[in-house]
Every structure is written in structure tokens, then in C-alpha cells.
Amino acid sequence: MKSLKREKRCAYCGSDDGFTVDHVIPRALYPTAKAASPFPRITVPACIDCNNGWADDEAHFRNVLLVAGAPTPAVRELWEGKTRRSFTYSDGRKRARDLAVQMVPVKTPEGERYMIYPAKDERVLRIVRKIVRGLCHHHGLLSPVKDEQVWADIQRFEVPPEFLAEMTFAHADEDVLQYHCGVVDEPEMHSSWILNFYGRTRFHCSVFRSLATRIQFEATSADASTKRPL
């Protein structure tokens with residue numbers, strides 16, 4: 001995948017009415033130890049409205065990911081460092097409440113535990129879609145990609161190795177995000193993505209060529225599932 005030349009238009013909405021630089025993978029996801037990493041951060045041009053539109057959701061996205069699985073060294077450092085500090089800021093109580101309401105009590109053999117389900121949180125999925133949109137621009141695949149063109153969910157099945165082998169692998173610092181991408185030769189779908197955050201939280205995403213093709217594809221899939229024999 002080759003990087004797209006930076007143009008003075010927004011990678012997310014296509015606007016050419018002024019632009020800033022957006023970090024496709026939110027800076028909030030990187031622990032302090034990664035500040036000196038030689039791996040370059042992925043940036044794209046973004047209009048002010050788009051760039052400012054998800055700042056609050058990015059911090060929430062980080063908080064959910066950190067508690068959504070087993071701690072890794074990067075996760076532990078991030079939680080003990082700037083994430084804990086963020087709860088002491090003026091909006092810290094709100095961030096803590098936003099995280100707490102996502103916790104669901106479940107019964108286990110060891111007693112009641114609390115689980116968090118990233119795929120049930122629209123703010124989390126919105127940032128996953130945003131990352132895929134930015135990566136599409138960065139790699140010169142498709143731009144702009146609107147939010148409604150992207151479908152995202154937690155990865156619910158094991159991807160066959162032969163399927164992964166046909167996709168392009170890349171990363172934005174392997175301890176933070178590894179991802180696979182494959183362009184799909186279909187009229188309604190453009191590409192398929194697998195994002196792996198912190199080596200243990202995976203999302204599967206599909207980019208459609210338009211909202212209309214996404215709606216058509218989903219309607220066809222739903223119709224086919226109802227006709228399937230029991």
C-alpha cells in the first residue's frame with residue numbers, strides 16, 4: 001500500500017475549506033514510552049470540524065479498550081500513567097461515569113464479574129470507523145470515505161490463515177495497532193479490514209463504495225439469511 005500525497009482537502013469529508021493535521025490513530029492510544037518511538041505516526045489532512053468532532057470520543061475509546069482485555073505492558077503503562085491522570089481533570093468524573101455505564105455484571109464460576117463489550121458502544125465503533133477512513137486515505141485506496149460507508153464490529157470469528165495471507169499487513173507501532181487490509185473486487189464493497197489493538201482486541205470492518213451500496217448489501221444479506229433452511 002502506498003501513501004497518498006497530502007492534499008489540501010479533508011480525508012474524511014472532502015472539504016477544501018481549510019484543513020488541519022489529524023492523527024489517524026489517536027495519540028491517546030500511545031503510552032508515554034512510545035513518544036520516542038522511531039515509527040512515524042500516521043497523519044492525514046482534516047478540516048477543523050472533522051478533527052474537532054471526535055476528540056472526546058477518542059479518549060473514551062482508549063478507556064474502553066484498556067479495560068476490555070488482559071493487560072499488556074503498553075496497556076498497563078497507559079492505564080497507570082496518563083489515563084489515571086485524566087480522571088483527575090475537570091471532566092474526569094464524566095469520563096469515569098462514561099466508562100462505568102458500559103460495565104455489565106456477569107456471573108462466573110468465581111463469582112460476579114464485570115465485563116465490557118466494545119461493539120455495543122457506538123462511540124467506540126465511531127472511532128474504529130474513523131481510523132479505517134483515515135487509513136484508506138493514507139494508503140491511497142479511497143478518499144474521502146464517509147462514516148456511513150464503513151461497517152464495523154468486534155471480530156466474532158477466527159479468520160482463516162489463507163484469508164489473512166491474501167491481505168496486506170501493516171502496523172502503527174506493533175504494540176498499539178496491527179492491521180490487515182484487502183481490497184475487494186465487488187461492485188458494492190471496496191475493502192475489508194482487521195484491526196488488532198494492543199495485541200488482543202480485534203475489530204472487523206468493511207468499507208462500502210457508498211451508503212446506497214451498503215444498504216443494498218445489508219438488505220440482500222438479511223434476505224438471504226431469512227431464506228436459509230433451518
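## The second largest pocket

The lining of the second largest pocket divides into 9 nonpolar, 5 polar and 1 charged residues, where Ala, Val, Leu, Ile, Met, Phe, Trp, Tyr, Cys and Pro count as nonpolar, Asp, Glu, Lys and Arg as charged, and the others, Gly among them, as polar. The model is predicted, so to speak of local features a pLDDT of at least 70 is needed and side-chain atom pairs count only at pLDDT 80 or more, while totals for chains, interfaces and linings use all residues. Residues are numbered from 1 along each chain as its sequence is written, and side-chain values use heavy atoms, with hydrogens and water left out.

About 220 Å³ of space lies in this second largest pocket (a pocket is an open set of points on a 1 Å grid over the protein atoms alone where a 1.4 Å probe fits, with protein on both sides within 12 Å along at least five of seven lines; lining residues have an atom within 4 Å of a point). Its lining comprises 15 residues, and those nearest the centre are Val159, Phe163, Met167, Ser192 and His204. At least two lining residues come from each of β7 (177-183), β8 (189-197) and β9 (201-208) (strands are DSSP runs of E with at least two residues, helices runs of H or I with at least four, numbered from the N terminus). Of the elements, β8 supplies the largest share of this lining, with 3 residues.

## The largest pocket

The largest pocket holds about 300 Å³ of space, a volume being the space filled by probe spheres set on the points, which are joined across faces, edges and corners. The elements that give two or more residues to its lining are β1 (20-23), α2 (55-67) and α3 (73-86), and among the elements α2 gives the most, with 4 residues.

In total, 16 residues line the largest pocket, and Pro26, Arg27, Ala28, Ala55 and Glu58 lie nearest its centre. By class, the lining of the largest pocket holds 7 nonpolar, 3 polar and 6 charged residues.

The axes of α2 and helix α4 (residues 92-100) come within 10 Å and cross at roughly 50° (axes are lines fitted to C-alpha atoms, for helices over the stretch in contact, and angles run from 0 to 180 degrees between N-to-C directions). That makes α2 oblique to α4, given that angles under 35 degrees count as roughly parallel, over 145 as roughly antiparallel, 65 to 115 as roughly perpendicular and the rest as oblique. On the α2 side, Asp56, Ala59, His60, Asn63, Val64 and Val67 meet Lys94, Arg95, Asp98 and Leu99 of α4, contact meaning heavy atoms within 4.5 Å. This contact of α2 with α4 has 4 nonpolar, 2 polar and 4 charged residues.

Against helix α5 (residues 122-138), α2 packs at an angle of about 105°, with the two axes 9 Å apart, and α2 and α5 are therefore roughly perpendicular to each other. Here Asp56, Asp57, Glu58, His60, Phe61 and Val64 in α2 meet Arg123, Val124, Arg126, Ile127, Val128, Lys130 and Ile131 in α5. The contact of α2 with α5 comprises 6 nonpolar, 1 polar and 6 charged residues.

## Packing of α2 against α3

The axes of α2 and α3 lie 11 Å apart, and the two helices pack at an angle of about 140°. That makes α2 oblique to α3. From α2, the residues Arg62, Asn63, Leu66 and Val67 meet Val75, Leu78, Trp79, Lys82, Thr83 and Ser86 of α3. The contact of α2 with α3 divides into 5 nonpolar, 3 polar and 2 charged residues.

## Backbone features in two loops

Ser143 and Pro144 are joined by a cis peptide bond, for which omega is about -5°, and Pro144 is found in the loop between α5 and β5 (150-154). Asp173, although not a glycine, has a positive phi of about 80°, and Asp173 is found in the loop between β6 (168-171) and β7.
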